[in-house]
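Biologist: Hello! I have a structure to look at, and I would like to learn how to read its features one by one. Could you guide me?

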Amino acid sequence: MNVEILERPANSAAKILLQPGETCTAEGGSMIAMSGDMKIETKINKAQKGAMGMLKGFARTLGGEGIFMNHYTAPSGGGELYLSTNLPGDMQEIHLDGTSGWNVQKGSFVAHSSSIAMNISWGGFKNVFSGENMIWLKLSGSGLIVINAFGALYPVDVDGEYIVDTGNIAAFEDSLEFSLSKAGKSWVSSFMGGEGLVCRFKGKGRVWCQTHADKNFGVKLTPHLIEKKK
C-alpha cells in the first residue's frame, strides 16, 4: 500500500496504490474514485465475524466512526483508490512499525492497511464527567494509517510535557500518557477565557495537531442555521 497526499493542505485527498490482491480498509463515505475492477466489501469487521465483530462495530461508534467499514481489494493488475474527508483540511500518512500504536481522535481516521488492527481506547470515568469524548480509535501493528484534519496538520514531538486543546488533537502515539486538566490556573479563568479543558501529555512521543476544532465550528455555525430555518 502506497499513499500520496494530493492538493494539500486545504482540500487534501489521498491517492492509494494497492498491489495485486492487497486490501485497504477505509471509513464509509470517504471514497472519491477507484479503479473499475476494484473489489469492495462493506463489513463491520473484516477479520472477525458474528457477535464479536458486531461488538467491535458498535465500539467504533463510541469513537465517532461508523459501524460499517469498506474493504477495498486490488485485482490481479493492482489498483488505485482516492479518499477524502467531510471537512476541508489536510491529510497525513503514518507508518507503524509494530513497536508503538497510535490513538486517533473521532473523525480523524480515514484508512489503514490490512495488517493494522483497530480497537478503541477509553480515557476513564474522569472524561465522562468532564463532558469531553475522550474515546479514541487505537491502531496497532505494522503498516500504514491515514488520518485527516479540519484545517492544517502539524506534528509535535513531545519529550517531557505538552498541552493541547482537546478539540485540536488528531492523533498521538500510545507511548504518551495523557490527562485532562484546566487550561488556566483556576477553573474560572479557564472557562472565562474560552479554553476550558485541555489534554496534558507526558512522556516521549509524537502528537499530530489540527489547527481547527469541528466542535467550535459547529457552535459558530448553529445560530446561522437556526436563523435560516426561522
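**Contacts around R8**

Modeller: Leaving out residues up to four places away in sequence, R8 touches D90, M91 and Q92; contact here means heavy atoms within 4.5 Å. Please keep in mind that this is a predicted model, in which local features need pLDDT of at least 70 and side-chain atom pairs count only at pLDDT 80 or more, while totals for chains, interfaces and linings use all residues. Residues are numbered from 1 along each chain as its sequence is written, and side-chain values use heavy atoms, with hydrogens and water left out.

Biologist: Where does R8 lie?

Modeller: R8 lies in the loop between β1 (2–6) and β2 (13–18). The strands are DSSP runs of E with at least two residues, numbered from the N terminus. R8 and Q92 are 84 residues apart along the chain, and their C-alpha atoms are separated by 9.6 Å.

Biologist: Is R8 buried, partly exposed or exposed?

Modeller: The general idea is a scale of relative accessible area: buried means under 20%, exposed over 50%, and partly exposed in between, with a 1.4 Å probe and protein chains only. R8 has 39%, so R8 is partly exposed. D90, by contrast, is buried at 7%.

Biologist: Which residue forms a salt bridge with R8?

Modeller: A salt bridge is a side-chain nitrogen of Lys or Arg within 4 Å of a carboxyl oxygen of Asp or Glu. R8 forms one with D90, and the closest N and O atoms are 3.1 Å apart. Because R8 lies in the loop between β1 and β2 and D90 in the loop between β7 (79–83) and β8 (91–97), the pair ties together parts that are 82 residues apart in sequence.

Biologist: How many salt bridges does the structure hold?

Modeller: The structure holds five. One of them joins the side chains of D174 and K138, at 2.7 Å from N to O. That pair links distant parts of the chain: D174 is in the loop between β14 and β15, K138 is in strand β12, and they are 36 residues apart. D174 is partly exposed at 32%, and K138 is partly exposed at 27%.

Biologist: Could you show me another one?

Modeller: Look at R200 and E161, whose side chains meet in a salt bridge of 2.6 Å, N to O. R200 is in strand β16 (residues 197–210) and E161 in strand β13 (residues 153–165), 39 residues apart. R200 is partly exposed with a relative accessible area of 22%, and E161 is partly exposed with 44%.

**Aromatic rings**

Biologist: How should I read a pair of rings?

Modeller: A pair of aromatic rings is described by the distance of the centres and the angle of the planes. Rings of Phe, Tyr and Trp (its six-membered ring) pair if their centres lie within 6.5 Å; planes under 30 degrees apart count as stacked, over 60 as edge-to-face and the rest as tilted. A search of the whole structure finds five aromatic pairs. Among them, W136 and F172 are edge-to-face, 4.8 Å centre to centre with 90° between the planes. W136 lies in strand β12 (residues 135–148) and F172 in strand β14 (residues 169–173), so the pair ties together parts that are 36 residues apart in sequence.

Biologist: Are W136 and F172 buried or exposed?

Modeller: W136 is buried at 0% relative accessibility, and F172 is buried at 1%. W136 also pairs edge-to-face with F178, at 5.5 Å centre to centre and 80° between the planes. F178 lies in strand β15 (residues 177–182) and W136 in strand β12, so this pair ties together parts that are 42 residues apart in sequence. F178 counts as partly exposed, at 21%. W136, F172, F178 and F201 form one aromatic cluster.

**A residue in strand β3**

Biologist: Which side chain makes a polar contact with the side chain of T25?

Modeller: A polar contact is a pair of N or O atoms within 3.5 Å; within protein, one must be able to donate a hydrogen and the other to accept it, and residues adjacent in sequence count only if both atoms are side-chain atoms. The side chain of T25 makes such a contact with the side chain of H71, at 2.9 Å. T25 is found in strand β3 (residues 23–27) and is buried at 6% relative accessibility.

Notes: Helices (H or I, at least four residues) and strands (E, at least two) are DSSP runs, numbered from the N terminus.
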